[in-house]
Structure formats: structure tokens, C-alpha cells
Amino acid sequence: MKSRFAVLALCLCCLALWSFLPKERKQPITVYLVGDSTLSVKETKAYPETGWGIPFVYFFDSTVTVDNRAMNGRSTRTFLEENRWQPVSAALKAGDYVFIQFGHNDEVSTKKSYTTEADYRANLERFVSEARKKKAQPVLITPAARRKFNMAGKVEETHAVYSGIVRSVAQQHQVPLIDLDRKSQALLQQYGPETSKKLFVHLQPGEHPNYPQGKADDTHFNELGAREMAQIVLAEVKALKLDLADRIVKRPVK
């Protein structure tokens, strides 16, 4: 009987000591953002234009570095031709993430950045393949919706073909997909034709020194729009149950 009590006491002591051992520390990781102007960091002269990658930085704890490589005006093709992807691919390590969102500049045939549908698919597949070779996690994101409503006040699709390609690649290669196109369309519809202007760079003449003549831009976000898009991406990170969700900042509730 005494021996049983001794064993029990020893077990309890071990459990008590175990509770004081340091918790396993998470390895630092980097989340790379690659894409176009809708998520890029802006020059001061462009404000209040704001990419959603700017507020996205602040969602995560100290184990996460968000490295925003997105650049205005770039398509999948020009991102590769300008050697912007290759340094990301070389730097990737196990556990890192690559959030990939292109399309705005790939799909416009009159732009120098135009990328055929076949090449767009191939470029996305290259990004995914190279990320996986480095044991990093690619995440595909459809392009954020442009602000466009019909006469009845219903939001219209502006990326049908190229968003469809992103969805197809994600499904074929079993890549996590954040359908920012559809989610942002739903948000625009919620705001409505007029109020949705508050998400974009819509300025009256003289309202902002960077745009003395005013501006009406239905593609690029202002600070509020960028925060809304970043919140959509964050919500999808949680919904997809990515390991990255465990590194979201947890503020104490007062």
C-alpha cells in the first residue's frame, strides 16, 4: 500500500514539474506577399492609396515577419521577367508562407503587362511548385474586385476569367484558396453603389495635396478599403485553418 502511495506521489510531483517546464517555442517564419498594387506598399506620394498588405502586417505575433514584395503594375509575367519572384523563391524555408495575388494587370490585353490565360496559369503553377519544393505553403488569392455596379445597383464581376483560372489551379493542385474576388464583391454589394466609394481613392479637387485635381479610382483602395480587404484575408486564414492562424495576435480582453 505504501509503495502505491509512493508511486502516486512521484507521478503528481512529475506532473507539477512538467507544468513549470518552458513551452515549446514557435519557430520564426516569414509570410511573403507577391502581387500587384492592390496589396503593395505605397510611396508617400501615392497616399491615401493603400494596399491591403500594409495593415495585414499587424495581425500576427512576433514569430511572424510579413515581407511584402508586391509591386504596382506587375503581372505574373513581369514579376518573373523583372526577377522579383526569384529572390523570394531562393529565400523560402520550411514553414514559410507565400500569398499569391495577381490578375489585375495580367488580364488587360492593352497593357504591357498582359499575360495570356495559358501563361497566367503556368506562372501560378510555377509559384506553387517552387514554394512547395522549399517546403513552404503557397496560398492562392483571386484578385480583389473592382468597384463596378450595373444600373440596378448590383455589383458586377470584373475578373471572371482570370479569377476562374486561380480557382482552377487551386483545385487541381490542392492549394489553399482565398477567393478575395467573390468576398470583396459581397462587401461592395453590402456598401452599395455610392457608399462603396469610401473604400477606394475617390477624392474631390483640393481634398488631398497628392491629388489636387481630385481622383476617381475604382481599383485602388484607401486606408479603410485596405483594412476591409486585409480583414477578409485574415478571416479566410482562420476559416482555412492554416497553421498561420495560431500566430494571430491575441490581445487580452479588458
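Accessible areas come from the Shrake-Rupley method with a 1.4 Å probe. On that basis, the chain of this predicted model exposes about 14,000 Å². Carbon and sulfur atoms supply 56% of that area. Of the 254 residues in the chain, 46% are buried. Among contacts with a separation of 6 or more, 74% involve residues 24 or more positions apart.

The chain has 8 helices and 7 strands. An open sheet of 5 strands runs in the order β2-β1-β3-β4-β5, with parallel pairing. Its edge strands, β2 (64–68) and β5 (177–178), each pair on one side only. Strands β1 (residues 29–35) and β3 (residues 97–101) are joined in the parallel sense over 5 bridges. Within this pairing, Val-34 has Ile-100 in β3 as its bridge partner.

The whole structure contains 16 salt bridges. One of them links Glu-82 to Arg-74, with the closest N and O atoms 2.8 Å apart. Glu-82 counts as partly exposed, because its relative accessibility is 36%.

Arg-77 forms a salt bridge with Glu-81, with a closest N to O distance of 3.0 Å. Both residues lie in helix α3 (residues 76–81), 4 residues apart, about one turn of the helix. Arg-77 is partly exposed at 21% relative accessible area, whereas Glu-81 is exposed at 56%.

Lys-183 and Glu-236 also meet in a salt bridge, at 3.7 Å from N to O. This pair links distant parts of the chain, 53 residues apart: Lys-183 is in helix α7 (residues 180–191) and Glu-236 in helix α8 (residues 223–239). Lys-183 is partly exposed at 41%. Glu-236 is buried, because its relative accessible area is 15%, and buried means under 20%. A network of salt bridges links Arg-167, Asp-179, Asp-181 and Arg-182.

Notes. Residues numbered from 1 in each chain as written. Predicted model: local features only at pLDDT ≥ 70, side-chain atom pairs only at ≥ 80, totals over all residues. Heavy atoms only, no water. Pairing = 2+ DSSP bridges. Helix = DSSP H or I, 4+ residues; strand = E, 2+ residues; numbered from the N terminus. Buried < 20%, exposed > 50% of the residue type's maximum accessible area, 1.4 Å probe, protein only. Contact = heavy atoms within 4.5 Å. Salt bridge = Lys/Arg side-chain N within 4 Å of Asp/Glu carboxyl O.
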